[in-house]
Amino acid sequence: MHSVILCTVSLLITIKALEEDPLVTYYRLYELGVQHHREKNYTVANTLFEKALEDYHFYHKNAINCRVECRRKNSTLEEKLTNSRKVLDILEINIFQSFIYQSKCLKRCFIRIFGGRPEHLPDSNTVRIDKDFEDGRHYQFIQFCQYELKNYPQAASAAFTYYLKHPHDINAQHNVQLYRERFGVKDEEITDLDRKPYQASHILGDIAYDESNWTGVIEHFERALKEFYEEEQRCRLQCEDKLVIPASSHLTDFFHYFAELYIPILRCQVDCEYKLSRVFADHEEGFLEEHYHYLQYAYYQTGDLDRAAEAIGAFLLFNSSHMDMLRNRLYFITRLGYHDSHLSARKEAVEYIEMRNKLESLLQYLESDDILDDFVDDSEGNDKERGHYLGIFEKLGIKVIQNPEELKGERFTAEGVLRDEQSEELLNLARSTKTDSSGVKTISIPNAIEAVRGDPDLEISLRLLLKLSESVRLFTSRFYNQTSFYTKETKLVCRGPTDPDLENAEDGSCFPQEDGSCVDEEAWKSVTENLDEYIAVLFINNVTDGGETVFLNRKNTAVAGVSPRQGLFTVFEATDRHTVTQPASQRCVIFMTFALEKDKDNPEYRQAMTFLNDLDEDRVRKLNIDHLKRVDELKHKGVTIVQSGEELHGEERFVADGLMNEGDCQNLMSLLERGGIQGDGYKGTASQVGKISPHTKHEIFEGLTVGRATQLAQSGELSKDLVQLYLDASERARLLVENFFNLTRPLYFDFTHLVCRKAVTDEEERSDLSHPVHADNCQIQPDGSCLRQFPAYIARDYSAVLYLNGHEDFLGGEFFFAHDNKTEQISISPKCGRMVGFNAGDYHGVKAVRKGRRCAIAMWYTMDPNTQELARFQAQKKMADGTFVRGRTRTREQIEIGNNDENENQNGHSNRIQQGNHETDTNKNKFPNKDTSNLDEEYSDVIPIQEDVENESKVTEKDKERQEKINSEIKENEDHEEL
């Protein structure tokens, strides 16, 4: 026994000597440890393994530190590459200069730290040992040594650390349980010997979250993020040790050889995030992005909304289709007044994603077998992205009509944001303010809030002011390709024909500006603080003469100009010299200033949204809807729920009968005959081709919007009673949807469209659909998911279709719900008075109308008052004011097809204020006894129709003149999405 002790002491002294010998590395120590383990000399073996582990960490930590240090010293490479990008030879030289510099820097650093330590050269033996350390095999040896030495807590920790790296190893699980159950090791004594700092911070953050300690969540997860990014960078740097010398027989070119050297390093670097994405045993999918999920919620709870918005943006950068986070984003936009720039991802997330995408695309390219493929750098796609978004805007009706070349500078003019009915509401806001001493009306957002407090009817004007300015901001940011674009100022500015500033402009004493001020030459010379800012001017009304925006050169000579026309908006740099000419009539604009710097962001917009949200919440509190009582009242009337919920293979779906009688259905179809528009149902055309449905060439599509119906009724072209029936029928449908789904917030119309689909020729068989499978508020993706984001109609929450006829008039045309793969779930046959109501996110379509004419009222609803159907709001006021011409109706042939006040895209869209959304998870309760309720409309005061539709008056020249005037007033402005 004495000799064994002496031998052990002697070996430990030898180990001490080996430890101090710079030529002995962890490779040699590990080999000796394995040797003594085989010889059952566990004390010595355990010491050797611990010393090997210590040296392993020492070497790799300092090797990585050297690489970090040398990269930091070589930070001028990016500048050199940028400066030499146009000269390929210089670019190449600078790259290799960087390699050579870093090589020498690393050699100096290694000598300084490691002295005479042998170089880290890979061979079969060293590669095997490195793999053992990466896999944690050394902890198996340590565990067994500690077990034999009866150090059970240390043995349990080593076993646990190995288990975390191999969670599916049955023996590893057994060993951990053995130490707990047989040897009494307590859980708090078992530790992860390889736990990284980011993992420890993550665990503390989880604990803080469970305790609702939001400041603790922020502290720990912010630290965990920083530590994770640092660990991931060090992992990529350590991958440079993964050097595999390729066989050189077939590599005669330097670049071939270099590419072969880089492949294993690149594979290792791409894998780093995956390897680090765990806290305990199992890999966690989406581990990195989850940090931002915790942070956005914690920042929200502490009231730091700006940081919460940035965290939402960062999360969506990693996972753009996450439904909960998309709803959070919508909440910030629609309820809190934030926009895309506020929700931009944090800088470190943007940089990391860019780096990761580069590595992954480069590895994919390197491993591609097709040598003819060219490497595509996604970072150079900015121009394509701009063209993509501008193309989307054009489809929505917003397009550039004057480009920078025409306007002689970084300027443009576009149209399609503003419509007549919106202009009317904004002018109401302008009338609420008196003209100042200079003859100018200026209404800032705080002024508009005060105006609404004095006159609640101006609320819709304030909503328009906010949302139109946001539409212009978004379009402008896309045009200039800016990801960060903030609103510095928004206000309404009106000038009259007697503006003193405009009179002073004639003698050159000052130059009237779009913001309502007047500046002289000296003021222009001192303009320096407005760099990186843009001014946008949206013309609210037409001006009979004058009122142009004129751009000047340094000599104050006009070089370009924009004539004021309702709906146009022009954008230019804030440093551009410009002036406004004398208008012959009142000239009103929305004046906006946008900036690239976040510190110039004006909180007025969000304060106004908060004010409007408070109004909404106050209405909700006062509403106090008693759904049970209302449902009980409706049971005694003629509406019957025939299918709902699971019967329709969904949650928020129902089919109801009895909403209209045959007479009402026929009257509404006759209304469409007289006032409808063929083609897409919004824009008129005289050609047969233009009458074809936008969804299939086998059908003719016709439609009548609320706005057009009201205009024609106001001028006497349609019966007021028929138009009132249109409004009443759609309103009772809305009430049924609101009650059936038991909504706790008001449901607003988003858009209403009276439509018919007619087969071009009678066909027994057709393979196409009358309306392909789609969802009303999201874009269906190839994988079957649906993204609720621009350019989808994201404001829509529920949809409904109220049918006016059935299979007695047509063949086919069944409505159907669809699976994620677009195959049919269940179909519903139309008939007069039948209605289908459903969640706007449900997949659905319409089967081919093979014969005859199928008619219905299509309706989309929203819970966001910012997006309610403005045409309906104004129609209700106009229908109530008694100014309509009564007793005349005309056929569609007598109403010139062409212009229309509601120019919609093929899917249908409303005269609406702007897009937005609501908190979908908290807006509804379970509907009581849905399946057995007999429901009828709450609206029962429909005016009976007395019109004789066959006794139509003869068209006179005066009628034609009136009709031409009507058509000139009905604009093609409603086919675009309010942004």
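This is a predicted model: local features need pLDDT of at least 70, side-chain atom pairs count only at pLDDT 80 or more; totals for chains, interfaces and linings use all residues.
Which residue in β17 is the bridge partner of glycine 703?

**Figure 1. Pairing of strand β16 with strand β17.** The bridge partner of glycine 703 in β17 is valine 755. Strand β17 comprises residues 748–759 and runs antiparallel to β16, to which seven bridges join it.

**Figure 2. Pairing of strand β16 with strand β15.** Strand β15, residues 677–678, pairs with β16 over two bridges in the antiparallel sense. Glutamine 678 has glutamate 702 of β16 as its bridge partner.

**Figure 3. Burial of strand β16.** Strand β16 spans residues 699–705 and is mostly covered, with seven of its seven residues buried. In a regular strand, side chains alternate between the two faces of the sheet. Both faces of β16 are covered: one side carries Glu699, Phe701, Gly703 and Thr705, the other Ile700, Glu702 and Leu704, and all of these are buried.

**Figure 4. The disulfide of cysteine 239 and cysteine 268.** The whole structure contains nine disulfides according to a search, and one of them joins cysteine 239 to cysteine 268 with sulfur atoms 2.0 Å apart. The torsion about this S-S bond is about -70 degrees, so the disulfide is left-handed. The pair links distant parts of the chain, 29 residues apart: cysteine 239 lies in the loop between α11 (214–238) and α12 (254–270), whereas cysteine 268 belongs to helix α12. Both cysteine 239 and cysteine 268 are buried.

**Figure 5. The disulfide of cysteine 494 and cysteine 588.** The sulfur atoms of cysteine 494 and cysteine 588 are 2.0 Å apart and form a disulfide. The link is right-handed, with 115 degrees about the S-S bond. Because cysteine 494 lies in strand β4 (residues 486–495) and cysteine 588 in strand β12 (residues 587–595), the pair ties together parts that are 94 residues apart in sequence. Cysteine 494 and cysteine 588 are both buried.

**Figure 6. The disulfide of cysteine 510 and cysteine 518.** Cysteine 510 is joined to cysteine 518 by a disulfide with an S to S distance of 1.8 Å. The torsion about the S-S bond is about 85 degrees, and the disulfide is therefore right-handed. Cysteine 510 has a relative accessible area of 10% and is therefore buried, since the cut-off for burial is under 20%. Cysteine 518, at 25% relative accessibility, counts as partly exposed.

How values were computed. Residues are numbered from 1 along each chain as its sequence is written. Side-chain values use heavy atoms; hydrogens and water are left out. A disulfide is a pair of cysteine sulfur atoms within 2.5 Å. Helices (H or I, at least four residues) and strands (E, at least two) are DSSP runs, numbered from the N terminus. Buried means under 20% relative accessible area, exposed over 50%, partly exposed in between (1.4 Å probe, protein chains only). Two strands pair if DSSP finds at least two bridges between them.
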